[in-house]
Amino acid sequence: MKPSAHAVSQYAETTENLVARMALHAYSTNPQDWFAWLEQRLPLQGDVLEVGAGTGKLWSQIDHAGRGVRLTLVDFSPAMCAELRKIPGAEVREANALDLPFEDATFDTLIANHMLYHVDDPALALREFARVLRPGGKLAVAVNGGAHLAELFALTPVIGHPELARGLIMNDFTAEAGPGYIARYFSDVEVERYPCDLAVPSADPIIAYLASLVGGPLTPAQEAAARAAVQPVIDAQGNFPIRKHTVLITATR
């Protein structure tokens, strides 16, 4: 399945899959959550575009209007755009990252938060990002490494879905390959890793995440199999540990 087709199947008509996945990250070992950590590193001034903005969670924590930011949010999903339109003062456009509906040199900052692994051609998306950024404009891309959430995705064969073991890596744009991709179109490429893992104290959030991957509730047999794999670890050490590998890549147009 192409990355874009997978994204459509997961996100076009619902926000529930994304919400279930975000909920797992509440069990972070870093007291500073991802969005607060990210906010401190974003150049938030002037005309700001977020591509693949999802439910707009980032902007529930940032007073963009108070900062004088002119905010534009893009997502391909009608369901996500319906949520984004709840964000005060934001312009929302339903569009594809490979063909952004903006003139050249429109924005000062472009944010792509965990979305480039969903596009069929990351290089084309980055070329579009460069096109709509002004000279000197800033790019901020968040992406995961190849071993991100490895302990969680190792459970997918347990529920009868070994094809999901690769996780959310749908193309070759990863934390390892991303800087090279970005350097084709941008300068001053820098990479910073978010220092965090997960320590999940119950099986329920893990089961909800697995169900989001499948695209519906697990069967009783699938849920029982997942619990049988997870619960002994929790009983032995108090939580189910899951490694994270998330980086923020920044660059200049």
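Does Ala211 count as buried or exposed, and at what relative accessibility? At 14% relative accessibility, Ala211 counts as buried, where buried means under 20% relative accessible area, exposed over 50%, and partly exposed in between (1.4 Å probe, protein chains only). The model is predicted, so local features are given at pLDDT of at least 70 and side-chain atom pairs at pLDDT 80 or more, while totals for chains, interfaces and linings use all residues. Residues are numbered from 1 along each chain as its sequence is written, and side-chain values use heavy atoms, with hydrogens and water left out.Ala211 is found in helix α8, helices (H or I, at least four residues) and strands (E, at least two) being DSSP runs numbered from the N terminus. Apart from residues up to four places away in sequence, Ala211 touches Gly216, Pro217 and Leu218, with contact taken as heavy atoms within 4.5 Å. Between the C-alpha atoms of Ala211 and Lys138, which are 73 residues apart along the chain, the separation is 36 Å.

Burial was also examined in helix α2. In this helix (residues 16-24), the buried residues are Asn17, Leu18, Ala20, Arg21 and Leu24. These residues lie on the same side of α2, because they cover an arc of only 160 degrees around the axis; the arc is that of the directions from the helix axis to the C-beta atoms. An α-helix has 3.6 residues a turn, so residues three or four places apart point the same way. The elements that cover the buried residues of α2 include α1 (3-11), α4 (78-84), α6, β7 (197-200), α8 and β8.

Thr156 is located in the loop between α6 and α7 (178-183). With 0% relative accessibility, Thr156 counts as buried. A polar atom of the Thr156 side chain lies 2.8 Å from the backbone oxygen of Phe153. When neighbours within four places in sequence are left aside, Thr156 is in contact with His161, Pro162, Leu164, Ala165, Leu210 and Leu213.

Salt bridges were searched for over the whole structure, and 12 were found. A salt bridge is defined as a side-chain nitrogen of Lys or Arg within 4 Å of a carboxyl oxygen of Asp or Glu. Side chains of opposite charge can pair when their charged atoms come close.

One of the salt bridges joins the side chains of Arg134 and Asp108, at 3.0 Å from N to O. Arg134 belongs to strand β5 (residues 133-144) and Asp108 to strand β4 (residues 107-113), so this pair ties together parts that are 26 residues apart in sequence. Arg134 is partly exposed at 27% relative accessibility, and Asp108 is partly exposed at 25%.

A salt bridge is also formed by Arg243 and Glu151, whose closest N and O atoms are 2.4 Å apart. Since Arg243 lies in strand β8 (residues 240-243) and Glu151 in helix α6 (residues 150-153), the pair ties together parts that are 92 residues apart in sequence. The relative accessible area of Arg243 is 45%, which makes this residue partly exposed; Glu151 is partly exposed at 23% relative accessibility.

In the salt bridge between Arg227 and Asp204, the closest N and O atoms are 2.5 Å apart. Distant parts of the chain are linked by this pair, with Arg227 in helix α9 (residues 220-237) and Asp204 in helix α8 (residues 204-214), 23 residues apart. Arg227 counts as partly exposed at 29% relative accessibility, and Asp204 is partly exposed with a relative accessible area of 44%.

Terms used: A polar contact is a pair of N or O atoms within 3.5 Å; within protein, one must be able to donate a hydrogen and the other to accept it, and residues adjacent in sequence count only if both atoms are side-chain atoms.
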